[in-house]
Every structure is written in C-alpha cells, then in structure tokens.
Amino acid sequence: MTVIGALSETEKYSLLQIREQAEQEMAAINRGVMEKIILGVLTIGLIALLVSITMRQIVLVITELKQAGKKLALGDVDFKVTASTKDEIGELADSFNEIVEIMKLYATTAAKIGKGNYDVPVIARSDKDLLGISMNNMRADLQRLSRETEVRTWLLTGNNKLNDRIRGEKQLG
C-alpha cells in the first residue's frame with residue numbers, strides 16, 4: 001500500500017467519521033427542535049385551555065349578573081348572585097347582593113310604615129341615597145298627617161258630644 005492509498009483510506013475514514021458525527025449532531029439538534037416545538041404547542045394548548053375556562057367562568061357570572069339586573073328592574077328581590085371569585089367580578093356580585101338586601105330592608109320598612117308604624121327607623125345610606133331620604137320624608141309626613149288626623153277626629157268627636165249635650169239641654173227645658 002502506498003502512501004497515497006493510505007492517505008486516501010484515512011481521508012475516507014475521516015469523512016465517514018465526520019459524516020457520522022454530523023448526522024448524530026443533526027439528529028440531536030432535530031430532537032431538541034422537535035421537543036421545543038412539542039413543548040411550545042403543549043404550552044399554547046394549556047394557555048388556551050386556561051383562557052377558555054376563565055372566559056367561561058366570566059361569561060357565566062356576567063350572565064347571572066345580567067339576569068339579576070333584569071329581576072331587580074322588575075322589583076324581584078328574591079335571589080342571590082353567586083360568584084366564587086374574589087376579583088372585580090366577585091365584588092360586583094357582592095354589590096348586587098348588597099343592593100338586593102337594601103331593597104328588601106326598604107320594602108319591609110315601607111310595609112311597616114304603610115301599616116301605621118311610624119316609629120320604624122329609615123336609614124339613609126348616604127346623603128345621595130334618594131330612596132332612603134324620600135322614605136324618611138314620607139314617614140315623617142305620614143306621621144305628622146296621622147297626628148293631625150287624630151287631633152281632628154278628637155275635636156270632631158268632642159264637638160259632636162258637645163252639640164248633643166246642648167241639644168239635649170234645649171229639649172229638656
């Protein structure tokens with residue numbers, strides 16, 4: 001074997017080794033790329049699933065709040081909005097429930113006032129609570145009118161009794 005033949009064999013062997021090493025490195029790179037693609041797709045899928053679940057929860061609560069608003073507009077206060085979240089939507093649901101409770105309290109108070117119980121307190125929630133302030137004014141006006149009516153009734157009853165006595169004395173004499 002000649003030197004050139006040996007060099008040629010060495011070159012073939014080196015090229016074969018380089019090719020095998022390049023193929024192994026390329027396969028490792030391809031596996032890494034494929035793993036990253038699969039990981040990326042799984043991550044995007046997981047994010048899409050979480051967004052979908054979150055959006056569904058938000059839509060359900062907003063739908064319930066919409067129905068609650070419609071019921072409240074019709075005067076129906078026999079419901080409670082349920083929201084398991086502690087975020088702004090949960091706070092909104094809590095606000096709806098608070099409005100419902102206040103409406104129930106005002107309805108109970110108005111019923112008592114309507115039956116003549118003017119001693120029932122009407123609590124205005126703030127200086128902007130138009131309903132509370134109006135109910136307070138109504139209670140005070142009705143209480144005043146009730147007292148005036150009692151006085152008128154007493155005066156009329158007394159006047160009638162006096163007239164009866166005067167008539168009775170004239171008939172006797």
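The model is predicted. Helix α1 runs over residues 3-73, helix α2 over residues 88-114 and helix α3 over residues 130-172. The salt bridges number four. Some of them share partners and link Asp141, Arg144, Glu148 and Arg152 into one network.

**Helix α1**

- Helix α1 has 71 residues. Its first and last C-alpha atoms lie 102 Å apart, close to the 105 Å expected at 1.5 Å a residue.
- Buried positions in α1 are Gly32, Val61, Leu65, Ala68 and Leu72.
- The cover over the buried residues of α1 includes α2.
- Just after α1 comes Gly75, with a positive phi of about 90 degrees.

**Nonpolar surface patch**

- Eight side chains are listed here: Met26, Ile29, Val33, Met34, Ile37, Ile38, Val41 and Leu42 make up a nonpolar patch on the surface.
- Together these residues have about 780 Å² of accessible area.
- Ile38, one of the patch residues, sits in helix α1.
- Ile38 has 45% relative accessibility, so it counts as partly exposed. The band for that class lies between 20% and 50%.

**Helix α2**

- Helix α2 contains 27 residues. At 1.5 Å a residue it should span 39 Å, and its end C-alpha atoms are 38 Å apart, so the two values agree.
- Asp87 caps the N-terminal end of α2. One of its side-chain oxygens lies 3.2 Å from the backbone nitrogen of Ile89.
- Ile89 is itself among the buried residues of α2.

- Glu101 pairs with Lys104 in a salt bridge, with the closest N and O atoms 3.6 Å apart.
- Both residues lie in helix α2, three residues apart, or about one turn of the helix.
- Residues three or four places apart point the same way, because an α-helix has 3.6 residues a turn.
- Glu101 is partly exposed because its relative accessibility is 46%. Lys104, at 30%, also counts as partly exposed.

- Gln143 is found in helix α3.
- With 15% relative accessibility, Gln143 counts as buried, because the cut-off for that class is under 20%.
- Gln143 is in contact with Tyr118 and Asp119, leaving aside neighbours within four places in sequence.

- Arg144 forms a salt bridge with Glu148, and the closest N and O atoms are 3.3 Å apart.
- Arg144 and Glu148 are four residues apart in helix α3, about one turn.
- Arg144 is partly exposed because its relative accessibility is 41%. Glu148 has 29% and is therefore partly exposed too.
- Glu148 also meets Arg152 in a salt bridge, at 3.9 Å from N to O.
- Glu148 and Arg152 are four residues apart in helix α3, so about one helical turn separates them.
- Shared partners join these bridges into one network of Asp141, Arg144, Glu148 and Arg152.
- Side chains of opposite charge can pair when their charged atoms come close.

Notes: Residues numbered from 1 in each chain as written. Predicted model: local features only at pLDDT ≥ 70, side-chain atom pairs only at ≥ 80, totals over all residues. Heavy atoms only, no water. Helix = DSSP H or I, 4+ residues; strand = E, 2+ residues; numbered from the N terminus. Expected span 1.5 Å × (residues − 1). Buried < 20%, exposed > 50% of the residue type's maximum accessible area, 1.4 Å probe, protein only. Polar contact = N/O pair within 3.5 Å; in protein donor to acceptor, adjacent residues only side chain to side chain. Contact = heavy atoms within 4.5 Å. Patch = residues over 30% accessible without salt bridge, like charges linked within 9 Å, V, L, I, M, F, W, Y side chains within 5 Å. Areas by Shrake-Rupley, 256 points an atom, 1.4 Å probe, with all protein chains shown as cover.
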